[in-house]
Amino acid sequence: MKAHLQKIFLCIIFFTISVANSFSETYDLNDNIITDRISYDIESHATFSGGENTPFWLVSNLYGLGSPEFNNGWVRGKIQKNLNPQNKFSWGGGIDLVGGWNLVTPFRIQQLYGEIKYRKLWIIAGSKEFHSLYNNSELSSGDLLFSQNSMPIPQLRIGTYGFAPFWGSKGWFSVKAYLAYGKFTDSRWMKNWVIPGTDRTSDVLFCSRGLWFRFGNESKFPLTADIGIEMGTQFGGTIYKDGNVRKMPNKFIDWVKAFIPLPGNTNTPTGEQTNVQGNMTGEYNIAVSYSPTDNWDIKAYFEHFFEDHSQMFLEYGPWKDGLWGLELTIPKNRFISKFVYEFVATKDQTGAVNHDWTPEIPEQVSGRDGYFSHYLYRAWQNWGMTIGTPLAISPIYNKDHLMVLYNTRFYANHFGLEGNPTNDINWRILLTFSRNWGTYWRPLTEVTDSFSGLLELNYSPKWAKGWKVKGALAIDRGQLLGNNFGGMVSLAYEGDFFIRKN
């Protein structure tokens, strides 16, 4: 199966390169016909701080580029071509290289991918930074399942480009779907980072998939409603646990079980046979958007995270855990352009009791779900950063260098604000207040309150076209992360390559 996947990757990349000269036409401001643009971006970024860690919002939701280590930073170079959504056929690709100091690795290929689109069919091969479908990329605390907190995972991804109208519905009913398989790349880093002899993994495989339905036609009526499900799985690879080494199965049927939650066979541990094979995670999405004018937009959204059948199939009645969010886009003014509020709850996890059916006790209670954790695959993480919400504090913070999440039960109130006082200046504020209980298996000695805040200012002067200067101040208060204070400065330049036609 692995050989077949490699062939598919190579074929898609070759095909993408082979059509590189088939440029599609777009127009500049003077109505000159030009080719699709290839952009480049160069950035230097430095963070300075004091306290126990780098402040939370200078670490989190940066696609794995953040680090709790003091005085970190990076230099980044990126070249990419985006898809043209207006064309029936379009291609894209990118390469994004990062070199830094006091990061998890001094050099990385952050992104390297090729993609093609034909009508509504979308195929991507490689590592690419994906944005959440409903959470604002600048103001949200992060999606519960797939946030912007960790480094991209190399994968082959096939799905729809945006929402595709269903046949015969005249745009009033649309569907969005995708399926992806990939592989984690942090095996060597994890081996060097964890305490020798403690539990870890290597060569773990990845599967994700999503399906959403949209009701409403925003071009004819300003109200739309979405409902969907998205899942992620860690499977295969090698497990290093309790001093033993176990190779997990990696046959075609195991790839199927990574897609459809099914129990393992006798070649998997007993826990995999009793429940499902691999570390299965997922969430339900519900969203309602109302756009009465071009300047106003209101969106309410809900995310329900699940780790097993107990919350996936509503076994325990009303869901107590989830993310409730509201995003408001305000008409242009000098004060606030966007406002986001989110309440995040992960404290319940279907309760503290956990018991599987046995011949002696023929009752089963699916509690103590242990969000973002697994007894074999350790943590829902990549390169030390939680893949889901960063409010579940990432393993990279662990001073004991154990691959576990010590705080997955919390309540949080999160606020995000953004404004454009002038055409050159943009600012944003993040404020997060949380109450934390640790985990069921290792609760905190006392309930801990925490606060994290960020004030960021961006300046893109017209007289220096393409240049952007960014500065930020951030703070943490509380025992969870310590009392931290720090700042960030960034200098970036962005430009475009294009070819004019007669």
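With six residues, β3 contributes the most to the lining of the largest pocket. Strands here are DSSP runs of E with at least two residues, numbered from the N terminus. This is a predicted model, in which local features need pLDDT of at least 70, side-chain atom pairs count only at pLDDT 80 or more, and totals for chains, interfaces and linings use all residues. Residues are numbered from 1 along each chain as its sequence is written, and side-chain values use heavy atoms, without hydrogens and water.

Let's look into that pocket. The space inside amounts to about 1200 Å³. Among its 44 lining residues, E43, R76, K78, E138 and K470 are the closest to the centre. A pocket is an open set of points on a 1 Å grid over the protein atoms alone, where a 1.4 Å probe fits, with protein on both sides within 12 Å along at least five of seven lines; lining residues have an atom within 4 Å of a point. The volume is the space filled by probe spheres set on the points.

At least two lining residues come from each of β3 (38-50), β4 (73-81), β6 (107-118), β25 (425-438), β26 (443-459), β27 (467-477) and β28 (484-497). Sorted by class, the lining holds 14 nonpolar, 17 polar and 13 charged residues, where Asp, Glu, Lys and Arg count as charged, Ala, Val, Leu, Ile, Met, Phe, Trp, Tyr, Cys and Pro as nonpolar, and the others, Gly among them, as polar.

Now for the loops. K170, not a glycine, has a positive phi of about 55 degrees. K170 sits in the loop between β9 (164-165) and β10 (173-183), and is exposed (over 50% relative accessible area, 1.4 Å probe, protein chains only) at 70%.

Note on methods. Helix = DSSP H or I, 4+ residues; strand = E, 2+ residues; numbered from the N terminus. Buried < 20%, exposed > 50% of the residue type's maximum accessible area, 1.4 Å probe, protein only.
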